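Let's take a walk through this protein together, one piece at a time.

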Amino acid sequence: MEFKIKKEPFLQALSWTQSIVERKTTMPILSNALFHITKNKLSILATDLEVAVHVTVNVETQEEGKICIQAKNLFDIVRELPDQEIIIQRKEQNRIQVIAGKSQFKIIGLSVEEFPQLPQFDENKSSLIEARGLREMIDKTFFSISSDESRYNLHGVFLEKAEANNIRLVATDGHRLSYVERELGQGFGIEKGVIIPKKAVSELRKLTLYGDVEEGVKISIDGRNLFAQKGAITLIARLIDGEFPEYQKVIPKRQDKHIILSRNEMIGALKRVSLLVGDRTRGVKFSFSSGSLELSSSNLDLGEAKEEISIGYKGENLQVGFNSRYFLDVLGVIEEENFILEINGHVGPCVIRSTKDPTFFSVIMPMRI
């Protein structure tokens, strides 16, 4: 089997496999990508058994067939080749030869029979979702996904259908929660919410940026799999088999105090005060008094920091501690000049809201300082 392809489209297609394939694995086949030639089309498939990608690209060939090639090695080789036509040939004993001009490489492949079977995407069951809006939703929830893989039901984003044609995304790590809704397309329906794993969410965001940014993403939920397609790229993700927490219970029903603050001023002050906090807790004390908010931090090994911000607050003096990183993550995805901070006493959570997007908010639990 042999095919010819230009460097640039080949490199772009291979780049999609790099974040999918396993670098260190007890199953060598997961370091490989499956190359399938049919009718002048090359299909490249890669998987780690949780997330898979299927890429199609045009090639020149009169043949059909399949080969398995080590994905990272091939990507590195193609990246360094001169910008000209590349020839891929399958040799005996699963060996592959790569030729470009005067450059020649021989790579040891694996048997195609070892490559895992992947579920098939049925376009008839998919809904077209607005790419830009989906990307915004991911950006406003991704940072709240738990990094603790042992808490598997929190190691992803919860997707469910909301009222009317709205789609809802929720993420939490147990210390904070982010919630956003959008109306992104007609006809998207799922019977119950599903948890999309963190790695798949990251790949889905990349997909929204692929090709024409205004083009929609076809998405479907079929059994325990999520399918997403845009142009020549199809993502397949195994959904997390678990129950997402009853997040509604941690969303405060009523907050006594609503304060409008300058986003840029708060970001600057938090970054400065956080220079002297511990790397693990990132704890900053918020001291509210009439007309002002004082941010302060203290570290036995580093010293103390303090900064005051003028705010439109009238009420009792309050002192509460929060993780500064959590605040900065939320403020980083709010585009407006101001944001709304809602608090309710010394021990309750705070809620950060956008002034222009009522469907987005983030809940941050307090901490002892």
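**Cysteines, then sheets and helices**

Searching the whole structure turns up zero disulfides. A disulfide is a covalent bond between the sulfur atoms of two cysteines. Keep in mind that what you're looking at is a predicted model.

Now zoom out. The protein chain has six helices and 24 strands, and its C-alpha atoms fill a box of roughly 80 × 50 × 35 Å along the principal axes. Of the 369 residues in the chain, 53% are buried. If you take the contacts in the chain with a separation of 6 or more, 63% of them are between residues 24 or more positions apart.

Eight strands make an open sheet in the order 5-2-3-4-16-15-14-9, and the pairing is antiparallel. Strand 5 (65-70) and strand 9 (127-129) are at the edges with a single partner strand each, so one side of each has no neighbour in the sheet. From one strand to the next, the twist averages 20°. Inside this sheet, strand 14 (residues 217-222) and strand 15 (residues 225-230) run antiparallel and are joined by five bridges. Helix 2 (residues 71-80) lies across strand 2 (32-38) and strand 5, and it runs at about 85° to strand 5.

Next comes another open sheet of eight strands, with the order 13-10-11-12-24-23-22-17 and antiparallel pairing. Here the edges are strand 13 (194-197) and strand 17 (257-262); each has a single partner strand, so one side of each is left without a neighbour in the sheet. The twist averages 20° from one strand to the next in this sheet.

Strand 11 (residues 166-172) runs antiparallel to strand 12, with seven bridges joining the two, and Ala171 stands opposite Ser178 in strand 12. These two strands form a hairpin with three residues between them, and Gly174 in the turn has a positive phi of about 95°. Strand 12 is also joined to strand 24 by five bridges, again antiparallel, and the partner of Val180 in strand 24 is Phe360. As a general point for reading these strands, in a regular strand the side chains alternate between the two faces of the sheet.

Carry on across the sheet from strand 24. Strand 23 (residues 350-354) pairs with strand 24 (residues 360-364) in the antiparallel sense over four bridges, and Val351 has Val363 in strand 24 as its bridge partner. Helix 6 (residues 324-331) packs on the sheet, touching strand 12 (176-183), strand 22, strand 23 and strand 24, and its direction makes about 175° with that of strand 24. Helix 5 (residues 263-273) lies across strand 17 and strand 22 (338-343), running at about 85° to strand 17.

Where does Ile251 sit? Its place is in the loop between strand 16 (233-238) and strand 17. Ile251 is buried, with a relative accessible area of 17%. Leaving out neighbours within four places in sequence, Ile251 is in contact with Leu177, Tyr179 and Phe361. As for Ser354, it is 103 residues from Ile251 along the chain, and their C-alpha atoms are separated by 16 Å.

Last stop: a pair of helices. Two packed helices are described by the angle between their axes and the distance between the axes. For helix 3 (residues 131-139) and helix 4 (residues 198-208), the axes come within 9 Å and cross at roughly 145°. That crossing is left-handed. On the helix 3 side, the contact is made by Ala131, Leu134, Arg135, Ile138 and Asp139, while helix 4 brings Val201, Leu204, Arg205 and Thr208. Sorted by class, the contact has five nonpolar, one polar and three charged residues.

How values were computed: Residues numbered from 1 in each chain as written. Predicted model: local features only at pLDDT ≥ 70, side-chain atom pairs only at ≥ 80, totals over all residues. Heavy atoms only, no water. Pairing = 2+ DSSP bridges. Axes fitted to C-alpha atoms, helices over the stretch in contact; angles between N-to-C directions. Contact = heavy atoms within 4.5 Å. Left-handed = near helix turned anticlockwise from the far one by under 90°. Nonpolar A, V, L, I, M, F, W, Y, C, P; charged D, E, K, R; others polar. Disulfide = S-S within 2.5 Å. Buried < 20%, exposed > 50% of the residue type's maximum accessible area, 1.4 Å probe, protein only.
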